[in-house]
Amino acid sequence: MRVRDELRMNVNQQPHMASPYGQPQPGYQGYPQPGYGGGHVPSGYPTQYAPYNGPGSGYQQGPPQGMRGPPTSGAPPVSGAQNYSQFGQGETQNGPPPMGAPPQRPPVSQTYTPGAVNMSGPQPPYGQQFGAPPVSMQQMTNQMASMQVGSTAPSPAGPGYAPPSVSQAAMSAPYTPAAPPTFPPTSTAPSQPPPTEAVAQAPPQSYYGAPPPAQQPFPNAAPPFSSTGPTQPQAPPPVSPQSFPQVSPVSQPPFSTAQVPPGPTQSYGGPLPPTQPSFPRPPLSTSQPSAFPAGPPPTSTPSQLPGVMQPQPPVSQPSPYHSGPPQISTGFPPQVGVPPRPPLAGMQGPPPMVSQGPLMASQGPPMASQGHPPMASQGPPMAQANHVPPTQPGMPPGPINASMSGPPPQPGMQGYPPQQNGAFGQVRGPQPGYTGPYPGQPNYGAPPAAPAPAPSAPKRLDPDSIPSPIQVIEDDKANKGSEPFTTGVRGQAPPLVTTKFQVRDQGNASPRYIRCTAYNVPCNSDMAKQSQVPLAAVIKPLAPLPADESPPYLVDHGESGPIRCNRCKAYMCPYMQFIEGGRRFQCGFCSCVTEVPPHYFQHLDHTGKRVDCYDRPELSMGSYEFMATVDYCKNNKFPQPPAYIFLIDVSYNAVKNGMVGIVCQELKTLLDYLPRENPDVESNIRVGFVTYNKVLHFYNVKASLAQPQMMVVSDVADMFVPLLDGFLVNVSESRVVIESLLDQIPEMFADTRETETVFGPVIQAGLEALKAADCAGKLFVFHSSLPIAEAPGKLKNREDKKLVGTDKEKSLFQPQVSFYNTLAKECVTQGCCVDLFLFPNQYVDVATLGVVPTSTGGSIYKYTYFQAPSDQERFLNDLRRDVQKQVGFDAVMRVRTSTGIRATDFFGSFYMSNTTDVELAGLDCDKTVTVEFRHDDKLSEETGALMQCAVLYTSCSGQRRLRIHNMAVNCCSQLADLYRNCETDTIINFFAKYAYRSVLSGPTKNVRDSLVNQCAQILACYRKNCASPSSAGQLILPECMKLLPVYLNCVLKSDVLQPGADVSLDDRAYLRQLVSSMDVAESHVFFYPRLLPLQKLDAESMSLPVAVRDSEERLSRGGVYLLENGLNFFLWVGVNAQQELLQNIFGTPAFSQIDPNMTSLPALDNPFSKRLREIIESVRAQRSRYMKLMVVKQEDKLELIFKHFLVEDKSNNGGASYVDFLCHMHKEIRQLLS
């Protein structure tokens, strides 16, 4: 025991653990992040994409010797062993490199010939000698098995934890190595079909080239880790979820073996005994049935085999291991009859795990857990490899090692989602036999048997052994994307935002309108404080719906107005209980009893429901609208139709960059598309025009004039509107005059020399015009520079990069003058919403100029260094969408809750004059308001918790309406129930908004630290109270929060909280304001961009290729990838991309002839080009901002910008890689628990 613990310590203390925020660890310099298991990188690609072999000499830029370019098809032929490129040709080193040197990774693709492995009993933690690589699959498996990174079978106590294995020696069972089989070039995929999409089926070139070796079943007992074919580039497992299941390419140990990071890593299994090799095994993905024989199925997760973890294929793919007899994925049938061979020398311990029986899969039907995303999603597709191989041929099946196996599966456990996946294998010390950072790859290239002892290097966590966002996303699509989501069940978590699904409203609001951080709310405040899980809802009141879902019904109760509770004023909804034969109703929020008005009376049926329940939306639906009566209107009179005023900067910069001409030309056609409720009737929104520089020019465009008239107001200190009649007009009536004006403006100011501008008076002018017309409306301001002219709201340049990182940094996010705060308040009172389009060439103080837009429910669009040829398309698409989208004016939102909780905090673009009412001069279909709730009393499990969001607004046709959204969630008295029903994407949306607001009041370092601390408390509380006991070296995560660390790290590394030297203060202020009103789908792709491997795109299919994880290790030099983050598209082209692919996309077969300045793809007449352009357009249609396309050629200067979005890697600004951050989180959690 003691030894194991010490080992664990070691592991946990590896130096390389340094704080994730620190500098790159040695050994990984230069590489943005820790490398991930060797196998992934496509191997044949030289240079950076080759698997990173470690610094220094060992890392050769060119292709490793012996390696070939990407195979064109099939696995590469097996060739002789190749040398590592790490050690020069010829000096193969068999053991881990000496400790002094940084660990190096073997290039992925080398073939490795296995030699015998000597797994003898416990070995010293580091430097042990290892024999040649294991020969047989089994051995490898065993080795793998011993790593527990995979999830282990949950112990009875809870899923996810396997009891610590007892020294899992089992692994070391005696096995004799069989001769190393070589892989045939083709993969035979025996039993396990490689996961379909994910696997490498892509064109060879990518690193999705040949299927990752691992996947290939090992035809005969190939050494498990052989690096499968010589040069096969291992494809990194595609991220796609499925890919996890696949076996990881052999070459890498499934879990990165070698690198298991220090302790923190997930243990997805029990601790590994030190002796074992350290392959962490891939955790199983929960979703798949578990394959391990021994352990109980994890509850909801896959069962974690104790020692072994095999990643199981995600549910979505047929899981190889599903029920049936186990398939041997390895390709070798277990042979039972053979007499056991003598153990290798030195190997002590129980027989190899392997014996465990046919792949454990056979274990029976997939566990319940299947339904969960595999935790492991993480594991590389190692799956097979890790699995415990069926027994090897020739080996008798050994007893299962008890210690390894963990408690017998217990049926009842299944329910534990939480941990399941969570346990991450702990980091084990180096394992024997694995040299190099990559465990699995031990000596590739070495001649088979020459064992050479070498000290082993500390291992790092293999990225494939930790939870993968892609796996979780794909599993959710497979499990929840096919059936409609019905909202009638209280406390049911919806599909993820990345899953396409249809909603049927049966009493709770659609997740398109409201998403909660937790659908099981703690019954009391003590439990909420203990867990630290934020209780919040992200509400998007006017969210657009897909064509197959009907918009909320409009209910008109006539002059009496909506039926409400007498006490709390909640509106009639499905939670009201009718009593006394239907004459009165009891409020579900405050329990007060109210009389039913005679006109609303209806009899009850035998269940106590009104007989007209399903005929009335307000009694049966979660979302609906009421027509508001005059009592809900300002000054008790119905509103006038709204107005749109366009205010255009005509200073020198704005004219010179082409903005003025573009805006005027576009408005001529755009004014025909103003929002309207009935598409057949013209919009009744009126329009007005102003131009400005140091003075303002108002235009009279009355229909009766032959030419527009201009009036100049030069007294900007006391702004007024010089004309009433003729300023706001109906488009159809004044079309000729308006078009004449729009033609003249660019000509009038073509030769201007005025460079100074004003800004405050511009908004005041629009506000005064709306006041004079007594209507609400929206101002569209097109502005280019810092307003330095003498006028109210004048600003000075205060950009000071020296303040970044200091206690004074917060001042840079605060407005420099209070003028705009006061102006914003006046705008909200009038219902004047401001949308700001910025075209800056230098600092314009977005933090100050953005105050009015963000306080009035408006939007800010920023086009830095605007150039008409490249930016015009993006600007015009944003403008068109902004003018045409559905919007409500003069809105007030209030959130009511049932007794026990209340709304205490709000985030978004709005103004609050009291503590309960969210006031929005404008509320469009993209805006969200995030509401945090706290307990003010106890809740009961029977009644649950209710919330009702009511938004009073004026529609674009001038009608006053109330939109109601209702949501009921469950209450729980057990922490395990809370952790079973949370939504990580919503939690991250809340944390990002909370953190981005906190930078206004404290240093960014403190903000980052408090986020890490809260996240660690959430996970430590789970570990302490819900997970079964297991060693401290294991990192255990709840199933539904297993992605919390990776997503939180993305928030911490974002430009607002941890800026690089090249990020301007304006960009940070812009992003801070942008995120404040993002919905969950937008924040998800913003923080964890989607990366699609186009070389795997099937032009004939309507489905997209499965995304890959955001890491440079996943990019193949032979591939082309499309990355989107909601604001930009990047098309990354690998140096060795296939000529056919380049010809189909760009119309040229040569990499050198691709124009990196293109912003749109050529419309070529081939199916691939058409499909790719369709995908880009369909993704743009889903986002609220038009995404400009940038082409990034590998090794080009733009690549630095692209790499900034590979968020699992270490970033230039000091942000940690996912692997390092996970280790850091584990350390924080252990400190809290100790």
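Two residues are in contact here when heavy atoms of one lie within 4.5 Å of heavy atoms of the other. Keep that in mind as we walk through this predicted model, where local features need pLDDT of at least 70, side-chain atom pairs count only at pLDDT 80 or more, and totals for chains, interfaces and linings use all residues. Residues are numbered from 1 along each chain as its sequence is written, and side-chain values use heavy atoms, with hydrogens and water left out.

Let's start with the whole chain. It has 26 helices and 29 strands; these are DSSP runs numbered from the N terminus, with helices being H or I of at least four residues and strands E of at least two. Of its 1234 residues, 67% are buried, meaning under 20% relative accessible area, while exposed is over 50% and partly exposed falls in between (1.4 Å probe, protein chains only). Among contacts with a separation of 6 or more, 80% join residues 24 or more positions apart.

Now for a pair of helices. Two packed helices are described by the angle between their axes and the distance between the axes. Helix H19 (residues 1004-1025) packs against helix H26 (residues 1218-1233) at about 65°, with the axes 9 Å apart. Those axes are lines fitted to C-alpha atoms over the stretch in contact, and angles run from 0 to 180 degrees between N-to-C directions. Residues of H19 including Val1012, Cys1015 and Leu1019 meet residues of H26, among them Phe1221, Met1225 and Ile1229.

Asn693 sits between strand S14 (686-692) and strand S15 (696-700). It counts as buried because its relative accessible area is 7%. Setting aside residues up to four places away in sequence, Asn693 touches Val650, Ser651, Glu754, Glu756, Thr757 and Val758.

Gln816 belongs to the loop between strand S17 (777-783) and helix H13 (819-830). With a relative accessible area of 21%, Gln816 is partly exposed. Leaving out neighbours within four places in sequence, Gln816 is in contact with Leu795, Lys796, Arg798, Asp845 and Thr848. Gln816 and Asn797 are 19 residues apart in sequence, and their C-alpha atoms are 9.9 Å apart in space.

Finally, look at Met748, which is part of helix H11 (residues 735-748). Its relative accessible area is 39%, so Met748 counts as partly exposed.
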